[in-house]
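Let's take a walk through this structure together. Have the sequence and the 3D view at hand as you read.

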Number of protein chains: 2
Amino acid sequence: MVSIKDVAREAGVSPQTVSNCINNPAIVKPATRTLVNAAIERLNYTPNASARRLRTQRSNTIAIGIAPVSYSPIYDPLLHALVTEADAHGIRVILYKTDSHQDEIRQFEQLIARGDVDAFVLVNTTHDDPRIAWLNEHRQTFVLFGRPWGRADMHEPDVPWVDVDGRAGIADVTRHLILHGCKHIGFIGWPGLSGTGMDRRLGWRQTMLDARMATPAELDQLSEDAENDIIAGQTACIALLDRRPDIDAIICVSDTIATGVALALPTDTDITVTGFDNTVSAQSLGIPSVAQPLAGAARELVRITQERLRARLAEAAAGNGADAAATVRPTDAGASGGTATGATPNGDTDDGKTGRTTLCGEPDRDHVLLTPTLALR
Amino acid sequence: MVSIKDVAREAGVSPQTVSNCINNPAIVKPATRTLVNAAIERLNYTPNASARRLRTQRSNTIAIGIAPVSYSPIYDPLLHALVTEADAHGIRVILYKTDSHQDEIRQFEQLIARGDVDAFVLVNTTHDDPRIAWLNEHRQTFVLFGRPWGRADMHEPDVPWVDVDGRAGIADVTRHLILHGCKHIGFIGWPGLSGTGMDRRLGWRQTMLDARMATPAELDQLSEDAENDIIAGQTACIALLDRRPDIDAIICVSDTIATGVALALPTDTDITVTGFDNTVSAQSLGIPSVAQPLAGAARELVRITQERLRARLAEAAAGNGADAAATVRPTDAGASGGTATGATPNGDTDDGKTGRTTLCGEPDRDHVLLTPTLALR
DNA sequence: CTGTTAGCGCCTTCAA
DNA sequence: TTGAAGGCGCTAACAG
């Protein structure tokens with residue numbers, strides 16, 4: 001393995017100058033810099049990560065959990081997006097197993113104690129999640145993918161998250177169908193009080209009401225519940241059509257349910273079916289679907305962890321300085337300005353490029369709701 | 001962070017003694033050892049991974065790729081199994097992105113140069129895979145999950161792999177159906193020359209012939225091809241039943257196709273459908289399925305990488321010594337004894353516990369074929 | 001702007 | 001059986 005010394009010798013400078021060329025090029029004289037860079041190129045030098053980590057006490061590594069059974073069809077694409085984004089920042093992604101919350105916390109302890117990780121991405125968080133409490137108690141850096149549904153205040157500065165606005169996605173689908181002349185649009189969602197599920201259903205409900213496509217009483221007729229499997233989707237579809245044979249479109253909360261619906265309908269039907277997650281399965285069946293912007297989500301996940309890490313570092317550095325509070329935790333600005341529900345009124349601004357919705361003009365950089373796109377066929 | 005010095009002070013010994021307690025307990029006096037262990041416990045000490053890696057020049061890290069789109073429904077469970085097994089050996093798993101073979105090789109270069117990784121798990125390998133050639137040229141340690149189909153010799157010592165014996169799995173299913181009185185057992189497989197697909201089909205064919213359940217001509221009638229989606233499964237099912245209305249069981253090469261078949265059949269049918277991979281989807285539909293032994297596969301993947309790493313280390317150490325060749329590469333023993341096809345005759349031994357099939361009594365530790373289990377409903 | 005010094009935490013000699 | 005010295009590769013602080 002070629003080390004910084006080899007490069008230094010090759011370029012005829014000291015190891016420190018080589019280091020500077022890499023970590024702080026501005027302070028090196030351009031002539032020397034090109035000299036050194038040429039040597040780096042020639043020797044194909046890459047700094048040793050362990051040595052750098054040991055020296056800087058930063059691992060530049062994000063950890064994300066992997067469960068015994070996949071909790072979502074988008075998990076692999078999410079991992080890929082995260083790895084891609086992290087890679088662009090020189091950050092590695094390491095996996096840890098999540099057999100239970102308790103086991104997961106044990107993994108946290110291990111990873112932290114060994115200095116293997118400096119931030120965590122948490123998935124599938126629940127109301128009063130012990131992992132969140134533990135990480136905050138131990139002053140660790142983390143970010144959730146998915147909102148902490150059920151928390152009284154979803155915009156606490158201590159609990160940053162990135163999520164995809166399922167409600168807006170389903171609202172988009174609904175509007176799209178209305179524009180294409182659909183009159184009686186049904187919805188099949190998940191039963192129970194799942195935050196994600198209720199949020200998506202609300203996207204349909206609200207849009208239907210706003211467009212005066214149905215009365216609240218009619219909406220109840222147009223709505224069905226189904227567990228997340230194909231058979232349940234079929235059953236719900238049949239029940240729905242039985243009650244309302246005039247239906248001309250069915251919006252489903254997931255691609256799995258949409259698959260059941262599509263297969264329950266006669267092949268020559270005019271009824272449009274839509275799904276959520278834009279899985280390969282939905283694609284091969286030609287089902288339009290709401291696609292989560294995973295690259296954008298990954299970008300925000302990495303950004304938030306890095307910003308908070310920086311803030312924590314600054315905080316530590318300012319510990320001896322006097323005016324710590326003034327410069328510290330810039331990411332908290334406006335964090336408490338959000339609403340308890342995380343609602344995103346349609347009138348809010350959207351920067352278009354990232355599809356990020358900002359609340360009330362006061363950007364909350366620690367709680368990011370991304371707008372999904374509609375994958376039509 | 002608590003370091004080895006803190007423990008040493010706490011226990012009233014030198015840092016080296018603490019180090020010995022951890023890495024070579026045998027040479028420490030029992031009394032001192034318990035003293036030190038108590039201090040470690042009390043301070044909750046864990047050695048810093050970066051420092052250890054820097055010192056030992058071993059990363060104790062395995063890398064596995066993640067593709068933009070999931071190539072298999074078992075990938076998440078595989079990752080979980082791998083992380084679990086690695087964890088038990090004090091090894092970490094890091095992800096790298098695999099956008100193309102060329103990109104993947106670039107990732108290899110990065111990971112190696114930074115000293116982040118000392119072994120790779122390769123998935124989805126193809127005939128004449130450039131990654132395999134590259135890794136061997138650069139003397140890197142790796143192991144494939146899945147056989148290198150299409151290679152002239154699948155038992156080259158340079159190309160170790162772990163795979164699940166799809167043929168045996170499908171043969172098991174076939175025998176099971178025969179035992180339960182099925183007379184006319186159809187098969188729906190993938191079109192084309194996919195090694196995995198052909199192997200699974202062969203499991204059915206051979207078992208049918210051996211049991212005299214059909215003539216070769218009949219087998220052609222009982223066989224269909226389908227792309228790996230639900231609709232194709234439905235279509236193939238209909239074609240099959242059209243040709244052979246007397247069919248009483250349909251074995252499918254995948255759960256996706258099995259799903260299509262199950263949905264194409266009338267609800268009151270007596271025809272049994274089986275799948276492959278035992279996905280949650282198949283489970284919720286009540287489809288019996290062949291389950292891959294992923295924990296066992298992970299165990300073998302880790303074992304092979306570690307053995308080969310050890311061998312490589314010994315080789316390097318013996319570089320100055322004289323009789324290098326004698327002790328080096330113990331894992332190669334019998335490696336060339338396999339057959340070109342990787343066929344596993346039914347009479348071969350099986351150690352039962354791991355479900356591992358050994359070839360001709362000569363264990364080939366670098367080419368492991370695991371026997372899947374049948375998940376009945 | 002460049003080089004020297006020192007040390008991150010650990011483990012492998014080798015001496016006591 | 002235990003301890004002292006040295007260095008893995010890198011970078012922060014300072015001296016030139």
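What follows goes from the domains of one chain to the interface between two chains.

Please keep in mind that this is a predicted model. Start with chain A, which is divided into domain 1 (4-56), domain 2 (61-165 + 365-372) and domain 3 (166-291). Taken over C-alpha atoms, the centres of domain 1 and domain 3 of chain A are separated by 58 Å.

Now turn to where chain A meets chain B. Here 45 residues of chain A are in contact with 45 residues of chain B, and the area buried between the two chains is about 4,000 Å². Carbon and sulfur atoms give 61% of that area. On the chain A side, D76(A), H80(A) and R114(A) lose the most area to chain B, together 16% of what that side buries.

Which kinds of polar link cross the interface? There are 12 residue pairs in polar contact between chain A and chain B, and the rule finds four salt bridges across the interface. In one salt bridge, the side chains of R53(A) and D116(B) meet at 3.0 Å, N to O. Several elements of chain A each supply at least two residues to this side, among them helix 4 (49-56), helix 6 (101-113) and helix 11 (230-243). The largest share, eight residues, comes from helix 5 of chain A. By type, the residues on the chain A side divide into 24 nonpolar, 11 polar and 10 charged.

Finally, look at the strands. Strand 2 of chain A and strand 2 (residues 92-97) of chain B run antiparallel, joined by three bridges. Within this pairing, L95(A) stands opposite V93(B).

Terms used
Residues numbered from 1 in each chain as written. Chains lettered and ligands numbered in written order. Predicted model: local features only at pLDDT ≥ 70, side-chain atom pairs only at ≥ 80, totals over all residues. Heavy atoms only, no water. Domains from an automatic or database assignment. Contact = heavy atoms within 4.5 Å. Buried area = accessible area lost by both parts, 1.4 Å probe. Polar contact = N/O pair within 3.5 Å; in protein donor to acceptor, adjacent residues only side chain to side chain. Helix = DSSP H or I, 4+ residues; strand = E, 2+ residues; numbered from the N terminus. Nonpolar A, V, L, I, M, F, W, Y, C, P; charged D, E, K, R; others polar. Pairing = 2+ DSSP bridges.
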